[in-house]
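Please look at the sequence and the three-dimensional structure shown below.

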Amino acid sequence: MDAFLVALLNGLVYGLLVFMVSAGLTLVFGMMGVLNFAHASFYMLGAYAAFLSGRYVGFWGGLVVATLAVGLVGLFSERLLLRKVRSFGHTQELLLTYGLFFMIEEVVKLLFGPTPVAYRVPDELRFTAFTIGNSQFPFFRLLMGATALVMFFGTFAALRFTRIGLIVRAAVERPQMVSALGHNVPIVFSGLFAVGSALAGLAGAVAGMYYPTSPAMAHELGSIVFVVVVIGGLGSLNGALAASLLIGVMTSFAVGIESTFGDLFRALGLSGLALPGLEAVQFSSIAGVLPYALMLFVLLWRPAGFAGNRA
Amino acid sequence: MPPQEQSPRSSARVTVVRILPIALVLGALIGLPRFADMAFLNAMVMVCIAALYAMGYNLLWGQAGLISFGHATYFAFGASCTIMTMAAIEGGSSFPTPLLPLAGGAASFLMGLVAGWFATIRTGVYFAMITVAITELVRAIVQRWDSMFGGEAGITSIRMAWGPIGFQKLLDVYYFTLAWTIIGILLLWFLQRSPLGTVIRGIREQEERVRFLGYDTHALKTLVFAISAGVSGMAGGLLAFTNESTNVALYEGAYSTTVLINTVIGGAGVFLGPVVGATLTTLFGYYVANLTYYWLLYMGLLFMVIVVYAPRGISGLGVDAVRRLRSGAPVRWDLLGRFALGWLVVTIGAIMTIELIGAVVQPSYGALARSSGVAWPPVRVFWVSWSPASPLTLGGIALLFGLGAVLLRDTAGTASRNVSTLADAIAGKPGPGV
């Protein structure tokens, strides 16, 4: 039972982290149909920005600097690059953000080298928040989860109760109509793009301390975030939240399973089905496969995703 | 999506104009081993493989309008299955060695049927995301399944002789790769010209109408995906044949990126565009990788410049230029000259910036500064030593960028106007500033 609770908590924290990055992506996507390939790169930039600035302004200052800096990077990418290719259509936008994804990784490699940098949890935050049974739950994980929760409720409230939130929600659904009503959709979009990037940067600043801060960060999270957007459905925050939590919890539990594929085949009475070498592979070692398998399943069952109504 | 050039002409003169360059290139490729050294011949083998891979990839993009961001899977799977077949031949199987790429192609075709069925449930950006996810799925499995795919160490085998052909010399490998590349490209050419090709382009333009005509568009898209995967797998098979080994690293994202970059740089809208891109970047890598650590960064910059300023790639520019010449309109040499000069100075400025920053952030540079007692030890770029922090260096770089901005202002247009590109300069259309 204790192990179950710990796995559940770990899964929820990871899921919330994934959600922090997916939220901006799915909103931007819903509003302008732009899939930002570089969104996960902004997450990586957040970690590096916090690492760099943390030396001078401390841990909490680093979080603020990373959020603002990455937000600015997002704003400039949208206004200086993405707008140039808008008239060529979505394909060209997609290619541009893919180029950005590639370039950011190469620039980070140029500046910081290909190996992880020493961005660690500060000593004053290294303590146990509480214990479940005999496993200790570190405070820092709690902080990661709390950051994501604050962000979720903040975004939710901003979208639900403010005037600008109303315009954003309307623009996600019917951009032309909102524009026809006299709102400056491109400006709203720039703002949304910047805020989405800033949130990804904050997520990176928090997560980079816990997971290795390396140029591979963007690639690792990026594909998971895509899965979340496909599963969650177009432009849906709720769908993204559900998909993120599901993936987090599933992965977390799968890591704890000690069975092998051989056990599965025997349980199914298929021990004759001896694929070479697959028998000895443990489920836990391929926990990373689960999100993608889930995506294929959802595609079959509900191609538009959990909350999507537009195909 | 730029439509493919599809204007069949009957005039014999046009046929000669179209056939002659291809015949010349083919002749040069066949005669190449007489003049080239081993290293260059090796590079040309890689060019052929990259070209076939990009052509297979572009069947999906240029014809069906679907951009895959995870084609490495099919390339790598073709390589894996070819090397396994090679190992089987070594073990006494009677599979004929010259048909080895077909083994890889067939395997990737089957895998493409399954993956493509899932991926083509959705179109557009969703399709793109699903291809990324499928690649991650396959990679996660392959990297754990060591007994099948060889893990980090990979699988090695040797090319067994077949009849009189030994396949031991590089010359044999070169002609073998060249022949299969040409076969693959011809296959794609006839496919594009076939009724199936027409229907597929119809799906790209108006899927709903094609469905109304009674076609099962999902099945057709799956088929195109599988053929594209199969040709990419053939290219992967050629790589395995050449290297006599494969590695699970082939399944990584870098190989999906390369083929995408090749296709964009070459141009997806012209049949042989991807070959242009693959040739250019492979040879670029061959010559430049020795000169700089940051050649991938330069590739990325070139990619971005093409996406923003020449959306139809290099071959698209070529098509525009030919059209312009045929129409008999005067060439605007003044515009083209400013354009070329502008990009030249900007390129030099960018190279200076990247190389200087790259040198200064190295840990060894800090050590050098401490040991030599100089705050900013000089760095060599373009055969000259530069002091990275001196006003002369920084001012020079700023001057290059400023000059470039002035030269390109009228031809390239500005960000907000978003009108003029290199294509416009070639077409003689002045930018909004003129």
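B:Ile67 has its place in the loop between α2 (38-63) and α3 (72-90) of chain B. Helices (H or I, at least four residues) and strands (E, at least two) are DSSP runs, numbered from the N terminus. The model is a predicted one, in which local features need pLDDT of at least 70 and side-chain atom pairs count only at pLDDT 80 or more, while totals for chains, interfaces and linings use all residues. Residues are numbered from 1 along each chain as its sequence is written, and chains are lettered from A and ligands numbered from 1 in the order in which they are written.

Is B:Ile67 buried or exposed? B:Ile67 counts as buried because 24 C-beta neighbours lie inside 10 Å. A residue is buried if 20 or more other C-beta atoms lie within 10 Å of its own, exposed if 12 or fewer, and partly exposed in between, with C-beta atoms placed from the backbone. Leaving aside neighbours within four places in sequence, B:Ile67 is in contact with A:Thr91, A:Leu94, B:Trp61 and B:Ala128. Two residues are in contact if their C-beta atoms, placed from the backbone, lie within 7 Å. B:Ile67 and B:Ala340 are 273 residues apart in sequence, and their C-alpha atoms are 31 Å apart in space.

Another residue of chain B, B:Thr181, lies in helix α7 (residues 170-193). B:Thr181 has 25 C-beta neighbours inside 10 Å and therefore counts as buried. Apart from neighbours within four places in sequence, the contacts of B:Thr181 are B:Cys48, B:Ala51 and B:Leu52.

B:Gly214 is found in the loop between α9 (207-212) and α10 of chain B. With 6 other C-beta atoms within 10 Å, B:Gly214 is exposed. The C-alpha atoms of B:Gly214 and B:Thr181 are separated by 35 Å, and the two residues are 33 residues apart along the chain.

B:Glu244 belongs to the loop between α10 (217-243) and β2 (245-246) of chain B. How exposed is this residue, and what is its backbone angle? B:Glu244 has 15 C-beta neighbours inside 10 Å, so it counts as partly exposed. Its phi is near 55°, a positive value in a residue other than glycine.

Chain B contains 18 helices and four strands. Its radius of gyration is 24 Å, close to the 22 Å that the globule rule gives for 434 residues, so chain B is as compact as a globular protein of that length. The radius of gyration is taken over C-alpha atoms, and the globule rule is 2.2 Å times the number of residues to the power 0.38. The C-alpha trace of chain B spans about 70 × 60 × 45 Å along its principal axes. Of the 434 residues in chain B, 43% are buried. Among contacts in chain B between residues at least 6 apart in sequence, 77% join residues at least 24 apart.

Chain A has eleven helices and two strands. Along the sequence, they follow the pattern α-α-α-β-β-α-α-α-α-α-α-α-α. Buried residues account for 47% of the 311 residues of chain A.

Two packed helices are described by the angle between their axes and the distance between the axes. In chain A, helix α1 (residues 2-32) and helix α2 (residues 39-85) pack at an angle of about 140°, with their axes 10 Å apart. That angle makes α1(A) oblique to α2(A). Axes are lines fitted to C-alpha atoms, for helices over the stretch in contact, and angles run from 0 to 180 degrees between N-to-C directions. Angles under 35 degrees count as roughly parallel, over 145 as roughly antiparallel, 65 to 115 as roughly perpendicular and the rest as oblique. In this contact, α1(A) contributes A:Val21, A:Gly24 and A:Leu25, and α2(A) contributes A:His39, A:Ala40 and A:Tyr43.

Finally, the two chains meet. Their contact takes 40 residues from chain B and 40 residues from chain A. On the side of chain B that touches chain A, the largest share, 14 residues, comes from α5(B).
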